[in-house]
Amino acid sequence: MRSSDRIASGLHYRTDRFVQYGMAMYDGHRRASLALSAVGSLLIGVLAGCSGDDGSDPVEEVSAGTNYTTIAGSLVVGDPRSGPVPPTEALPPAVAELPPSLEGARFPGASPVGVTDVVLGASSTVESRLAGNGPVSYTVRCVDEAVRYATSEPMAVPGRSVLQVDLSGTSTDSGDTLSLYAGPERIRGDADSGVVSVDFLADPGGISQAFIGVAADRPDFTVVTTEEPAAVIVTVEP
């Protein structure tokens, strides 16, 4: 064989080996890419299953109809200017625009105000009747649980949700002119009433509370006050 033929044959042999090596490398790289692609697809599927449709962690949705309404106000019970003064003396005038710390000067004849009765009436109404002479503030709202004033222990109240009524400025001391509500502590509603029960609690700190257990989940409610008799009336809407 001529020298040139041997050189050409050697080049051909080395070229075939190089081509085979290159094909093997390509095939291995291709298989590795397919394996990595499969693993990636599996991971994406797992992550998608653990998250929401938008890729974020799932969160508990709050209903748009959830009631977070708070109703607050105040009323003047009796006639705080008619204090126990001799009939011949003129009544001192009421003083306006005083800070709460000087409320006694605004109503110089004020006497203790207290809850004398709690009435569960028709049309799912709860009436807190008041007596005495002086101002009382009220706050009514839906709460997640019933917690008595100045404590941290929740109370078990029947019903699907709880309305809390706070009456501030009330007394727990009965006297000759004031006979306070003496119970029962829990009043049960009728089967067809939206009010399941009413728990009334009076605290020496000047806060009287009523926890209204209602049959609906955070229903709408209204609050009105009356003068004769002086009362705060909460109505649970059907």
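This report walks through salt bridges in a predicted model.

## Overview

Let's start with the count: the structure holds four salt bridges. Three of them are described below, namely Asp 166 with Arg 141, Arg 218 with Asp 144, and Arg 186 with Asp 199.

## Asp 166 and Arg 141

Here the side chains of Asp 166 and Arg 141 form a salt bridge, with 3.4 Å from N to O. Asp 166 sits in strand S6 (residues 161–168) and Arg 141 in strand S3 (residues 125–143), so this pair ties together parts of the chain that are 25 residues apart in sequence.

## Arg 218 and Asp 144

Next, take a look at the loops. Arg 218 and Asp 144 meet through their side chains in a salt bridge of 2.6 Å, N to O. Arg 218 belongs to the loop between strand S9 (207–214) and strand S10 (221–227), and Asp 144 to the loop between S3 and strand S4 (146–147); the pair links distant parts of the chain, 74 residues apart.

Arg 218 is buried, with 13% relative accessibility, whereas Asp 144 is exposed, with a relative accessible area of 71%.

## Arg 186 and Asp 199

This pair brings us back to strands. A salt bridge joins the side chains of Arg 186 and Asp 199 at 2.9 Å, N to O. Arg 186 lies in strand S7 (residues 186–188) and Asp 199 in strand S8 (residues 195–203), 13 residues apart.

Arg 186 is partly exposed, its relative accessible area being 29%, and Asp 199 is buried at 3% relative accessibility.

Terms used: Residues numbered from 1 in each chain as written. Predicted model: local features only at pLDDT ≥ 70, side-chain atom pairs only at ≥ 80, totals over all residues. Heavy atoms only, no water. Helix = DSSP H or I, 4+ residues; strand = E, 2+ residues; numbered from the N terminus. Buried < 20%, exposed > 50% of the residue type's maximum accessible area, 1.4 Å probe, protein only.
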